[in-house]
Amino acid sequence: MTARIYLSPPELTGRELAMLGEAVASGWIAPLGPHVDAFEAEIARRVGMPHAVALSSGTAALHLALLALGVGRGDTVWTSTLTFAATANAIVYAGAVPVFVDSDRVSWNLDPGLVTDELERAARSNTLPKAMIGVDLYGQCADWEPILAACRRHGVAVIEDAAEALGATYRGRPAGSLGDLSILSFNGNKIITTSGGGMLLATRRAWIDRARHLATQAREPVRHYEHKEIGYNYRLSNLLAAVGRAQLADLERRVEARRAIQARYRAALGELPGWSFMPEASFGCATFWLTCATIDAGVSGETRDDVIDRLAAVDIEARPVWKPLHLQPAFAEARVLRGQIAEQLFRDGLCLPSGSALTHRDQDRVIEIVRRRP
Ligand SMILES: Cc1ncc(COP(=O)(O)O)c(C=O)c1O
């Protein structure tokens, strides 16, 4: 019997139990402690951001990034339409209204030309957003320079959603260091995991201090329990931070492993009629957290769902590319700036099993099933 092949399962280094055992023995079984402090410092150093706070999820980090910027009711926040719902859910949690922006074909992320033109137009009509959340999708950075330049010109704060891109670079700079604030996710399917967790990073200490306060039920620093505003319970457990530290030490190898998986898929499947892999933009080095490809059904003779079904029939997990948020019923009211490229990437796109522990044997199984046309 062959075992199920998952899309992106967690991979253990062998060091997690020792780190976890040490954390338990230390007595710091709390949403603070030495492993939390060390994890924050290690991630900040790795990403090249001066300040960080470890949180219970990437979604919590997005929520607090918006609150730290003062985003609230009546504000709009622009973001990529081709992303996981968490990116835009956080905008709604903050009481703001999302506006969705189409992708480009170069990186599948925010189209910098579209962002530049639409911000110009919004400035003229006095409808500029308070913030922009750019996403580094599937382990590849957006084209940040023109996006940042346009946002700076109009005084729009930038949050980098690097949940999927720890280990990637943009013009030599690490993913997570490009926005005014940035977030990472350590969800179970990410390149490193704490089972669940996230990190908020920022260029300014004041934003992180504010986020840390809100993440701790907005408790005032006095002896009794004093709260001047509504807070959240968003801190990361010291036990999970210990797991995260063990995982982080293995990051570089994992990036290489995922890149090698992508290269093997591309070599084996890249010539199939109608198939195109997500390009690696010349401005960066992607991790290929997930290897994604599009299938032009008119050329290939089969759709992306045909391929996903064929893999599912032999217990191999593949998934469609994110459904654009402007097509989601939950965001039916939202404005979208263009959207057709994201729609096409969703219609034709699939993600192949990409876990950093995927063996050559299992990858060959995936390749063989994809190639085995009915
Ligand atoms: C692009 C993106 N943003 C945000 C998140 C949210 O992170 P979390 O699951 O840690 O809340 C995820 C993944 O889960 C994601 O893929």
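**View 1. Contacts of Phe 100.** Leaving aside its neighbours within four places in sequence, Phe 100 is in contact (heavy atoms within 4.5 Å) with residues including Thr 79, Ser 80, Thr 81, Ala 88, Leu 325, His 326 and Phe 331. This is a predicted model, in which local features need pLDDT of at least 70 and side-chain atom pairs count only at pLDDT 80 or more, while totals for chains, interfaces and linings use all residues. Residues are numbered from 1 along each chain as its sequence is written, and side-chain values use heavy atoms, with hydrogens and water left out. Phe 100 belongs to strand β3, residues 97-101 (strands are DSSP runs of E, at least two residues, and helices are runs of H or I, at least four, both numbered from the N terminus). Phe 100 counts as buried because its relative accessibility is 0% (buried means under 20% relative accessible area, with a 1.4 Å probe and protein chains only).

**View 2. Cysteines without disulfides.** The structure holds zero disulfides, a disulfide being a pair of cysteine sulfur atoms within 2.5 Å. For Cys 151, the nearest cysteine sulfur, that of Cys 141, is 15 Å away. The sulfur of Cys 292 is 3.7 Å from that of Cys 351, the closest cysteine sulfur, which is too far for a bond. Cys 292 is buried, at 2% relative accessibility.

**View 3. A sheet of four strands.** The strands of this open sheet follow the order β10-β12-β15-β13, with antiparallel pairing (two strands pair if DSSP finds at least two bridges between them). The edge strands, β10 (275-277) and β13 (319-320), each pair on one side only. Two bridges join β13 to β15, residues 349-352, and Pro 320 has Leu 350 as its bridge partner in β15.

Conventions
Buried means under 20% relative accessible area, exposed over 50%, partly exposed in between (1.4 Å probe, protein chains only).
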